[in-house]
Amino acid sequence: MISAKKLTLRIGKNIILDDVSFTINTGEFVGLIGPNGAGKTSLIKIILGIYKPTGGTLTVPSNEQIGYVPQSYALSSVVPISVLEVLKMSGVRSKEILITVLDKVGLPTSFLQKNFHTLSGGQKQRVIIARVLCQNPSVIIFDEPLNGVDFETKIKIYELLKVLNKTEKVTIVFVSHEVDHIIDKCDHILCLNSTMHTGCHPLDFAKGKKNNCPLPSVNTRIVPIHHHHHTTTTTT
Amino acid sequence: MFLPEFLQYDFMIRALIVGFFTAISTAILGNFVVTARQSIVSDMLAHTALVGVGLGILWNVSPVYLSLITTVIAGILLWWLGRKNDQAPEALSMLLLTGGLALALLFAHANKNSPVSLDAYLFGSILTVKTVEMLSFTTLNIIIIIIVVLFWRPFLIYAFDRDFSQVLKRTVFYEILFMVLISLVVGIGLKVIGGLLIGALLVIPVLIAQTFAKSFSHNVIYSVIFNILAVTIGIISSFYLDIPVSSGIVLSLIFTYIIAKILRTAYFTVAKFIF
């Protein structure tokens, strides 16, 4: 279980996160939503230990191994690199393990020798997910992994995540600004809002409405993260 | 025993030895540099390396080692500026690039009677490498190659996937080490090929190899081979054709690049007809 109490993050004068509290239970499939600029990536970086929060506490049990799948556009290099080399970045060298992991994400063994850059968006994502799986994570955080991926691939990746969640018992934290795609997949949605003081309803973003908050038609628990501030400026 | 004419001169042998090892280290590092999209960094560092040359001219000491020191300092400074991240890094690097050249000019201007000319370091002067320099450059190149091989995985992660590298331990250490290695290679390159042309040794072999390779390690091997060939051809052709070594090296790299592109296009055109 990962729990955060009153997390605050300031960078210079900017308040990136203000008084953010939430809990992620073991084995859950959690959506983390919020508009661009709400601080989703910053929050992830705190969970991953890249950023230190300026206030509040984050509790991550020491046996929790957190894996991370970054946004796909971050991997836009041009020098050839084989899928095998990408997977070996995880530190796992045994080819048998790598083949097993590749199989889990639905890619054949022949992919090991392929140039990563010649793969489709969805295949690249699978390779990156496989790399994370090599590290035997108990939690995987996906930071908007489906940007620029076609609809059919999105559905397949969701299914893969669902399988990982159910059969491998991996806690999934899925970050997105596209609420409509994840709302019925998640056990629990965390909403990070920079525009309202009392949290928000995710469907608002999907429909572009801010004042109208219809109840979700699906069986999903929505937990607003209280998040007081919106952007810049305080001089304290 | 029969020796070709160019091997009968010590300066040629020294040049070939220094060129050989520099070709290897620049090609290997170049793959990481291009993958990390930092090609412009090498150019920036080369300009700041010239500050060391300027100081050497001013103080009448050997510019070679001073330029290694200034490059490493500039490399670390650039890393630090890049981390602050509130302004575009390639724009910020312009501060160091132009500032370095301006300082180099200023220092060189202050001592007009110096036997050393700034030109030699702008365009390289591998044929004038002394034995001591040959030994120190070669040792340094070998150390650089060993370090890269030892830290292959973290460097590759850093170059390929910055987000993922942040999750790993000791990222800062690897980032600085990587920057220091590029700085050292650039410092050596100043004498070998010149500050204005060092980018060629780091980047062009990588581009050539890309037309054939399917994996990073293959790309490294191919680029090392092409770099060694180009440097050797450059040095030998300067001996027989009386052209500047650096021109010979860069032009043979570019020529190889064009040939590689043509071969690749031809291969795919033929393959389309056959399959």
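**Talking through the model**

Modeller: Let's start with Phe275(B), which is exposed at a relative accessible area of 79%. Buried means under 20% relative accessible area, exposed over 50% and partly exposed in between (1.4 Å probe, protein chains only).

Biologist: Before we go on, what are the ground rules here?

Modeller: This is a predicted model, where local features need pLDDT of at least 70 and side-chain atom pairs count only at pLDDT 80 or more, while totals for chains, interfaces and linings use all residues. Residues are numbered from 1 along each chain as its sequence is written, chains are lettered from A and ligands numbered from 1 in the order in which they are written, and side-chain values use heavy atoms, with hydrogens and water left out.

Biologist: Fine. Where is Phe275(B) found?

Modeller: In the segment after H12 of chain B. Helices (H or I, at least four residues) and strands (E, at least two) are DSSP runs, numbered from the N terminus. From Phe275(B) to Asn60(B) is 66 Å in space, C-alpha to C-alpha, and 215 residues in sequence.

Biologist: And Val192(B), buried or exposed?

Modeller: Val192(B) counts as buried, at 1% relative accessibility. Its place is in helix H9 (residues 171-192) of chain B.

Biologist: Which residues is Val192(B) in contact with?

Modeller: Leaving aside neighbours within four places in sequence, Val192(B) touches Val18(B), Thr22(B), Gly124(B), Ser125(B), Ile126(B) and Ser246(B). Contact means heavy atoms within 4.5 Å. As for Lys261(B), that residue and Val192(B) are 27 Å apart, C-alpha to C-alpha, and 69 residues apart in sequence.

Biologist: Switching to chain A. How many helices and strands are there?

Modeller: Chain A has seven helices and nine strands. Of its 236 residues, 52% count as buried. Take the contacts in chain A between residues at least 6 apart in sequence: 73% of them join residues at least 24 apart.

Biologist: On to salt bridges. How many over all chains?

Modeller: The count comes to four, a salt bridge being a side-chain nitrogen of Lys or Arg within 4 Å of a carboxyl oxygen of Asp or Glu. Side chains of opposite charge can pair when their charged atoms come close.

Biologist: Which residue does Asp161(B) pair with?

Modeller: Arg131(A), with the closest N and O atoms 2.5 Å apart. That pair crosses between chains: Asp161(B) sits in the loop between helix H7 (152-160) and helix H8 (162-167) of chain B, and Arg131(A) in helix H4 (residues 121-133) of chain A. Both Asp161(B) and Arg131(A) are buried.

Biologist: And what does Glu168(A) pair with?

Modeller: Glu168(A) forms a salt bridge with Lys104(A), and the closest N and O atoms are 3.3 Å apart. This one links distant parts of the chain, 64 residues apart: Glu168(A) is in the loop between helix H5 (151-167) and strand S7 (171-176) of chain A, and Lys104(A) is in helix H3 (residues 95-104) of chain A. Glu168(A) is partly exposed at 36% relative accessible area, and Lys104(A) is partly exposed at 39%.

Biologist: What about Lys130(B) and Glu133(B)?

Modeller: Their side chains meet in a salt bridge at 3.9 Å, N to O. Glu133(B) is buried, with a relative accessible area of 4%. Lys130(B), Glu133(B) and Lys191(B) are joined into one network by salt bridges that share partners.

Biologist: Thanks, that's what I needed.
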